[in-house]
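Please consider the charged side chains of the protein shown below and how they pair with one another. The account that follows takes the pairs in turn.

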Amino acid sequence: MDVVQSPVTVERPGPSSNGWSVLIVALVAIAVGAGLIGWGAVDVTVPLIVVGAVIVVLALVPLAGLVLVEPNEARVLQLLGSSYTGTLREPGLRWMNPLNTRRKISTRIRNHETGRAKVNDADGNPIEISAVIVWQVEDTARAVFDVDDFEEFVAVQTEAAVRHIAGSYPYDAAPEVMSLRQNADEITTKLSAEVHDRVQSAGIRVIETRINQLAYAPEIAQAMLRRQQAGAVIAAREQIVKGAVSMVGTALARLEAEHTVELDEERKAAMVSNLLVVLCGDQSAQPVLNTGSLYQ
């Protein structure tokens, strides 16, 4: 069942106007009020002093509503600290209701690097993994009101997603099986999707996700390295044997086709055995010259 978000957690533009005009009018009013106060003090005219003081006080009230919004920043407005009024995103000097409280939220792109987490992969082998998440606040209202601390929320949910993905796939596997080491791009795509699903409730947009570090845990690293080396040796041997069998078959076929020499089955077997030893051996074979006949 889909969760219906309350309207208070949906970002909307906050009511505001150009702050420079308000600033100029307020400064002029303060100057006029100060002049009246000075004039009344010289002539000892109490009404002028009172009027000047009232003008200064009334001019100071709008100044409390001025707010400077920097580029890639926002101000979340609340009326008397209770109901959500809106969000100011337009950069520059803006004027709003002085009764509104404001909270500064950065909408710049941020990086978060998870700590090195030790988890068990799908095969049960302990591995160490960390990731870098590039994110940005997309909905300031949800980031402020739907979670307690959206930065901590992103950190916790990102680490949980990294641990879940690391435990869902083996570190290394056969080519036909998806693994963390061999399918980095596919795993990164799945990690980005899972992080996005986890943090979208806080109004966060995930831009990019990358696995930063991936390795076996130190206690099994040497054993896994030997296993990888053994696997590489086996794969190389299989390739060598495959090539040697092909070469021997080609040699026998050409000898028979060109009638270079007639060999019985026993001599063919001996020839195949000798060629395979030469082609598959780790060291160069030492030839033995036969000075007699073929059957001696």
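Arg116 is exposed in this predicted model, with a relative accessible area of 55%. Because the exposed class begins over 50%, Arg116 falls within that class at 55%. Its salt-bridge partner is Glu128, and the closest N and O atoms of the two residues lie 3.5 Å apart.

A second salt bridge joins Glu90 to Arg94, with 3.7 Å between the closest N and O atoms. Glu90 is partly exposed at 48% relative accessibility. Arg94 is buried, its relative accessible area being 12%; this value places Arg94 in the buried class because that class covers residues under 20%.

Asp146 and Arg142 also form a salt bridge, and here the closest N and O atoms are 3.8 Å apart. Asp146 has a relative accessible area of 28% and is partly exposed. Arg142, at 19%, is buried; the limit for buried residues is under 20%.

Salt bridges also connect residues into a network, whose members are Glu73, Arg75, Lys104 and Arg108. Across the whole structure, the search finds 10 salt bridges.

Terms used. Residues numbered from 1 in each chain as written. Predicted model: local features only at pLDDT ≥ 70, side-chain atom pairs only at ≥ 80, totals over all residues. Heavy atoms only, no water. Salt bridge = Lys/Arg side-chain N within 4 Å of Asp/Glu carboxyl O. Buried < 20%, exposed > 50% of the residue type's maximum accessible area, 1.4 Å probe, protein only.
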